[in-house]
Amino acid sequence: ADDAERGFGCIDMFRRKFDIVLMNPPFGAASLSSAAFISSVYQKWRYDLFPCFVSRGRELGNPGVLIGYLGPRTGYFSQRMATWRRELLLSDSRLSVLADLGLGVLDGALVDVAAGVLRDTSVTTLTCIDVLGTAPDRKGDDLKVACVDLSNEDESCEGKRRGTVRVYDSDSFLQLEGAKILLGAPSSIVRSLASGRALDPTLSVVREGPHTADNDRYVRLWWEIDPRQSNRTDWPFYAKGGEYAPYVLNPHLVLDWRHRGRDISIGEHSVLPSKDLYGQAGLTYTERTASVFNARLLPAGSVFSQAGPIVRPHLPEDTLPLLGLLMSLPVRAQLEFLVGTGDSAASGGVARHFLAGTVSSIRLPEFEESQWERLRYFATKCVESIASLKSRAETDISFAGLGLRRDHDVNAAIAQ
């Protein structure tokens, strides 16, 4: 009898609507047993349980429901969640408060998180409380102080810094590509990303390269290949991201291109996009890193990759000025906000992905010719200085201490 009573009570609860829904939802891919259901009911964001649960919370609420949740920060800037942000967080229902918490909140999990409050009514502002720079054991206390201070202040401080609090016009994020919610960004950054010239297609193209799906078979260290029995056409240098290396990273990998990629293309999970750009000189960078964005020269004859995309200027003579521009603080600040800069108070932070689409969307001002030439001058000096240091390292391909013939010449790359 007791079990039956509890069962009917459970059914009655499922029929109810709520004024407040509070959750700590799962995130990531659905289990195999639930994948079909998730795909059928939440088809638009079936790739991640986090947006599915927040959407379900809204379905369970009465008109004007308040939904509080804790979830990964990636939901606010990931490209694949753009539709979810436009249709749920920035639509008829609005995200009204967001606490940017970072690491150290979920026990033992290396996940940057944020807590949000979603109102099922139209609100015009989004208040962000930033405790990223706070030590994990103090985040709760700082969040309380910020909330108390916020409750004692008026609503007329849009876009202004108030300790750890920023207030934004919610509609400003709808003007950004992918409706990204740039946590902690000054309003000037939000405005600049909503206007101006995009890197691609204004000055360059940004593309990902091949993914072999079998690196053990197709990728080698350059010293494993006998130069007397091969050439750089059959074994081109392979830019595959790598360590933090601004301006110059002499390649250490080569790609088996003896069959011009035909054998790679028949692999089950391999892809060979943007083949028209293979071998062209330009710039590359490390796509996934826990460090800051770092671009470098990509020598002619190289093949780029998914882990090391290409930034190919429309004009070859723009390569060095563009390198200097990408390594400038204003551009890197844009990128940090676009990918969701990590927790500065915790070591061993979460790696970010600087996807080709994200780098393409950088906004650039107009430059006078004299300014462009100054960028070229300073970038050249940086390249020359770093290349000189690398030439003294015995494990680097540019090492000249023994007088051996070098397959890769940084000066030639600069000239191109």
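User: Which residues lie nearest the centre of the largest cavity, and how many residues line it?

Analyst: The largest cavity has a lining of 16 residues, and Tyr238, Ala239, Lys240, Leu249 and Pro251 are the ones nearest its centre. A cavity is a set of points on a 1 Å grid over the protein atoms alone where a 1.4 Å probe fits but cannot get out, and lining residues have an atom within 4 Å of a point. Please keep in mind that this is a predicted model, in which local features need pLDDT of at least 70, side-chain atom pairs count only at pLDDT 80 or more, and totals for chains, interfaces and linings use all residues. Residues are numbered from 1 along each chain as its sequence is written, and side-chain values use heavy atoms, leaving out hydrogens and water.

User: Which strand gives the most to that lining?

Analyst: Strand S13, which covers residues 295–298, gives the most, with three residues in the lining of the largest cavity. Strands are DSSP runs (E, at least two residues) and helices likewise (H or I, at least four), numbered from the N terminus.

User: New topic: is H12 mostly covered or mostly open?

Analyst: Helix H12, residues 329–339, is mostly covered, as eight of its eleven residues are buried, where buried means under 20% relative accessible area with a 1.4 Å probe and protein chains only.

User: Which ones are buried in H12?

Analyst: The buried residues of H12 are Val331, Arg332, Gln334, Leu335, Glu336, Phe337, Leu338 and Val339.

User: What comes just after H12?

Analyst: Just after H12 comes Gly340, which takes a positive phi of about 80°.

User: Which residues make the contact?

Analyst: From H11, the contact is made by Leu320, Pro321, Leu322, Leu323, Gly324 and Leu325, while H14 brings Trp372, Leu375, Arg376, Ala379, Thr380 and Val383; contact means heavy atoms within 4.5 Å.

Methods:
Buried means under 20% relative accessible area, exposed over 50%, partly exposed in between (1.4 Å probe, protein chains only). On a 1 Å grid over the protein atoms alone, a cavity is a set of points where a 1.4 Å probe fits but cannot get out, and a pocket is an open set with protein on both sides within 12 Å along at least five of seven lines; lining residues have an atom within 4 Å of a point.
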